[in-house]
Amino acid sequence: ETEPVEVKHQGQNRQREICLTGEPAQALLQFLLVLLQLRDITRQLLPSLFDAAAAVPDLHLAIKTHPGETPDVYALEVAGRERVTVLPASAPLAPLILASQAIITVNSTVALDAAVLGVPSLVIGLPNNLSPFVDAGVMLGASWELDLWGRLRYARNAAQEDYAAASADFFYARQSLAASV
């Protein structure tokens, strides 16, 4: 079996290249390493992550599977997606971290390894065990909230209605001022 990753480091400026087996021969220079364990909440997140990454030209996502998973659990999520590679749990972690432009994780301590190596990390799904490091500014963090009762949707709709009302008030005030001159 071939190695799924070949990493080349160049000089002290940490210029990195990575080649993923099965990808075109050119090196991938914009590369994000994603470390997740596929759960229901993660399944909801992946399409948005893939869509955001697809909007960045030449950006490639590499998902390194959790040790308790096999790459085939991601087959449905990555089907038809370009520039997404699922790596087995056995893929060498240290070279992947060094080669990546950033790490995205839900709750993996690999973000700490990345911080030590100077690779930025985005921790999603806060709060979790990495929250103190996010609070200290060692890594970036983002949280999500399940909108079970539609509170966020209704708040967004209310904000849109408030904007429409304010716009109408402005229009009326401008018309009134013009009429009084």
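Me: Which residues is T65 in contact with, once its neighbours within four places in sequence are left aside?
Reply: T70, P71, Y74, V86, L87, P88 and A89. "Contact" here means heavy atoms within 4.5 Å. Bear in mind that this is a predicted model, where local features need pLDDT of at least 70, side-chain atom pairs count only at pLDDT 80 or more, and totals for chains, interfaces and linings use all residues. Numbering starts from 1 along each chain as its sequence is written, and side-chain values use heavy atoms, with hydrogens and water left out.

Me: What makes T65 buried or exposed?
Reply: Buried means under 20% relative accessible area, exposed means over 50%, and partly exposed is in between (1.4 Å probe, protein chains only). T65 comes in at 2%, so it counts as buried. You'll find T65 in the loop between strand 4 (59-64) and helix 2 (75-78); helices (H or I, at least four residues) and strands (E, at least two) are DSSP runs, numbered from the N terminus.

Me: What does the side chain of T65 reach?
Reply: The backbone nitrogen of A89, at 2.8 Å. The cut-off for a polar contact is a pair of N or O atoms within 3.5 Å; within protein, one must be able to donate a hydrogen and the other to accept it, and residues adjacent in sequence count only if both atoms are side-chain atoms.

Me: How do you know what counts as a nonpolar core?
Reply: Take buried Ala, Val, Leu, Ile, Met, Phe, Trp, Tyr and Cys residues, and join them through side-chain atoms within 4.5 Å. The largest such set holds 18 residues, and V34, F50, L61 and I63 touch the most other members. Helix 1 (40-54) is among the elements that supply at least two residues each, and helix 1 gives the most, with five. A second, separate core has eleven residues, including L87, I97, A114 and V119.

Me: Why is the pairing of R81 and D51 called a salt bridge?
Reply: The term needs a side-chain nitrogen of Lys or Arg within 4 Å of a carboxyl oxygen of Asp or Glu. The R81 and D51 side chains meet at 2.7 Å, N to O, so the pair passes that limit. R81 lies in the loop between helix 2 and strand 5 (84-87) and D51 in helix 1, so the pair ties together parts 30 residues apart in sequence. A search of the whole structure finds one salt bridge.

Me: What accessibility class do R81 and D51 fall into?
Reply: R81 has 30% relative accessibility, so it is partly exposed. D51, at 47%, is partly exposed as well.
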